[in-house]
Structures are given as C-alpha cells and as structure tokens.
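I opened my notebook for a quick look through this model. Here is what I looked up, in the order I went.

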Amino acid sequence: MYLLRQNTNSIKDINPETENWILIARVIRLWFVSDFKKSKSPFSMEMVIQDKEVNCFIISFLIVLY
C-alpha cells in the first residue's frame with residue numbers, strides 16, 4: 001500500500017495567482033481538437049478531470065508540432 005501526499009490541492013483551489021498544484025484527479029473525458037487549417041494534425045488536447053470531492057474542471061493543452 002502506498003501513501004498519498006498530504007499536501008494535495010483540490011480542483012476548487014485552482015486560480016490564476018498560483019502556478020503549481022498537486023492534484024489527484026480522475027480523467028473523465030479526453031478528446032483532441034483539430035486545427036482548422038490542417039485537418040489531420042491536432043491543435044489541442046482537452047480533458048475533464050474530477051477530484052475526490054467531485055469537483056470537475058475542463059483543461060486544454062496546446063499541442064505544438066514542428
């Protein structure tokens with residue numbers, strides 16, 4: 001059995017003033033958004049995450065391809 005870190009944050013603690021969080025969350029849904037100019041290459045990856053307090057959040061990551 002492993003021990004979870006005691007200083008984890010909740011999704012409701014996410015705000016623009018802080019840059020780093022320690023989250024324990026489940027990915028509920030994951031999808032890719034296509035680039036409008038290049039239909040075969042992904043533009044971003046988005047996901048819905050849920051923490052143990054049942055707070056949900058949508059996250060978007062920009063994918064940079066060279």
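**Notebook: fold, then two residues**

I began with the elements and found zero helices and three strands in the protein. Helices (H or I, at least four residues) and strands (E, at least two) are DSSP runs, numbered from the N terminus. From the N terminus on, I read the order as β-β-β.

A note on the source: this is a predicted model, where local features need pLDDT of at least 70, side-chain atom pairs count only at pLDDT 80 or more, and totals for chains, interfaces and linings use all residues. Residues are numbered from 1 along each chain as its sequence is written, and side-chain values use heavy atoms, leaving out hydrogens and water.

Next I checked burial (buried is under 20% relative accessible area, exposed over 50%, partly exposed in between, with a 1.4 Å probe and protein chains only). Of the 66 residues in the protein, 15% are buried.

Then I went to E46, in strand β2 (residues 42-51). E46 is buried but has no salt bridge, and R29, the nearest side chain of opposite charge, is 9.9 Å away. A salt bridge here needs a side-chain nitrogen of Lys or Arg within 4 Å of a carboxyl oxygen of Asp or Glu. For charge, Lys and Arg count as positive and Asp and Glu as negative, with His and the chain ends not counted. Setting aside neighbours within four places in sequence, I listed the contacts of E46 (heavy atoms within 4.5 Å): R29, L30, W31, V33, I59 and S60.

V27 counts as partly exposed because its relative accessibility is 47%. V27 and I49 are 22 residues apart in sequence, yet 4.5 Å apart C-alpha to C-alpha.
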